[in-house]
Amino acid sequence: MISNENDIILNNYNSYNNYSYKNNNNNNNNNNNNNNNNNNNNNNNNNNNNNNNKNNKIQKLKKWNLSKKIKIFFKGTNNNSDNIVINRIYSSSNNNYKIKEVSIENDIINEILPIEILGNIFKLLIIHFKIETPNHKEFINILGTSKLWNTIGMSVMENIKLDRCKNLPAIESFKMMKRMESLKQLKVIGGEAMNFQYIDVIKSLNQLTHLNLFSNKIGDIGFKSLAMALEQSGSKLKFLGLSYCDLTKTSGKPLCELFKKNQSLQEIILSYNQLMEEGTIEMAKGLPYSCSLTKLSLSNNEIGDLGAKEIGQALSQNKTITELDLRCNSIGSKGSNYICQYLKDNRSLVEIDLWGNSLGNDGANGIGKALETNQCIKSINLTRNSIQEQGIKFITNALSLSLCSIVTIDLSSNSLTLEGTKEISRALSFNRSIENINLSSNKIDSNGSKILCKSLLKNNTIKSLNLSMNDIGEKGCIYFYRVLKKSKNLKELNLSLNKIGNKGLINLLSNQFDYDLELEQQHQQQQQLQQLNSDMNTSLELNTNIINNNNNNIIDNNNNQTNNQNNYITNLNDSNDFKYIRSLNLSQNQITFSNEIIELVLNTLKNNIQITELNLESNTILSNSSLSQNSPLKRLVSFSKINNITIGYL
């Protein structure tokens, strides 16, 4: 008989629904004595259960015991039936599942079905009801309270998560994991630090593929003991998370031995420890021998220049690492240049993250040289590295090459200003590989926006551009209108925190006027050609027809923008249809949403069918913009919900 000793209760945990198990151990004896009586009454209760649970899949779960959950999940289409329908049965002849409908009456599932089917039932229940393994308070209840779990549950549980437990489960409860043959993933997040007894249990779980000990302070001694077990040939572990585990330089040698001997580990996270230079140097000695490791995270370990040098030297010999995270490690120009020097011989690294170091202009020089010779790197993060106008030239020279392979580059928070923006724009005009670029927090103003937009109209690969936290302002938005209208490849544009205001929003979204960057560029080229002909004293005549045609499109806008001789604005009669952009972020831009501004946004959403996100979050709504019926604000909210368009919280 299936025990009804475990009640399943829905709770909200970590912002999503998890299921935990309530202990009824105090009533176990009474429940066992009453099982026979309960079974005799099942037929009488089934009709009521059918009616109560008719729409169970869309209802919240409340204290349904495991037996009822199985019956509800496998109930037949006939609501008047008391039978349970199983759609898959086990065929012992060929070890395959065959589709067949079998009716099982009442509560005698485990007496009729083979154990393989019962295991399959539990797997389906865990998936269907999104059951996550219990926290420490309920740990023993799932694993030991029912006979069914003793015989089947141990073979179907694949994941266990103990999240921030002030007190770990009793060691005898923890040891029950040894009986769980299907256990693949174990997470012990924070909470009480595990001692040797708990680590010994984990060491015996040879079937584990994922082990995450995030913020569990096992320290150097605990890690050394764990590493010795993982060095054995029988280990199947692929992921090891050791962030915030109080590892110091002492763990350098055990890490070295782990990399040398373990043949299964693919990803290891060592962030936010204190390996320092000495520990990193020892650890790096084992990296050339690793034949399985693909991802290595060492962020926030103070590895310094010498540690970076050893990492770089190891990379020149390692053939498997594809992702390397060295964020916030006090690496200066010397350390980065060491890494770049050895990258010439590396052909496996695809992503490197150097966020928050101190590369400076000298370090940027080494990065540029490495990118010129290494075509394997696809992603590089250089955020907050004090790279200025002089240093960015080394990088943009590499990005301008036809052999450049960079797909994603992050140059945010480097104070590039106007001159640096010019260099980036020049590179984007030639580059044919970059799809994602982050230029946020770089003091790019309206003049920089104008230069950048010219290059975007030439570029055919950029899909995502982040320009948040710059100084684009209302004037800079004029130039982006044409980019949004004509660029077929740009799908995501982030202009948040740029003080564009209401005028900037109108310049960006409306078609009242359009600054024709291409027309200006064409006219400038003609002027340069005229100057060249004058200097050469030639009599070459310019094609006056082209000039006349261009002049017909130039509108005198001196009333609105004085002292601007290079302003090219054309009236547009076609709709402001952004055919290609999907995500436009305008949050925190000092926009005041009057009814008129909201109507403009509505018009944009209605005409531009590709947009799925127009983020207007953290701006201001006027008091007269109410949510009354048929008000612009009400229509905006309704329209966005119906068409699944994100507008953010205003």
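Of the 650 residues in the chain, 50% are buried (under 20% relative accessible area with a 1.4 Å probe, protein chains only). The model is predicted, so local features require pLDDT of at least 70 and side-chain atom pairs pLDDT 80 or more, while totals for chains, interfaces and linings use all residues. Residues are numbered from 1 along each chain as its sequence is written, and side-chain values use heavy atoms, without hydrogens and water.

Begin with the whole chain in a cartoon view. The chain has 24 helices and 24 strands, which are DSSP runs numbered from the N terminus (helices H or I, at least four residues; strands E, at least two). Of the contacts (heavy atoms within 4.5 Å) with a separation of 6 or more, 81% join residues 24 or more positions apart.

Next, select residues 501–509, helix α20, and residues 595–607, helix α23. Their axes, lines fitted to C-alpha atoms over the stretch in contact, lie 11 Å apart at an angle of about 25 degrees. That angle makes α20 roughly parallel to α23 (under 35 degrees).

Now display the side chains at this contact. From α20, select N502, L505, I506 and L509; from α23, select I597, L600, V601 and T604. By class, this contact contains 6 nonpolar, 2 polar and no charged residues; Val, Leu and Ile are among those counted as nonpolar, Asp, Glu, Lys and Arg count as charged, and the others, Gly among them, count as polar.

Finally, select the buried residues of α20: G501, G504, L505, N507, L508 and L509. These pack against α19 (473–486), β21 (583–585), β22 (592–593) and α23.

Notes: Axes are lines fitted to C-alpha atoms, for helices over the stretch in contact, and angles run from 0 to 180 degrees between N-to-C directions. Angles under 35 degrees count as roughly parallel, over 145 as roughly antiparallel, 65 to 115 as roughly perpendicular and the rest as oblique.
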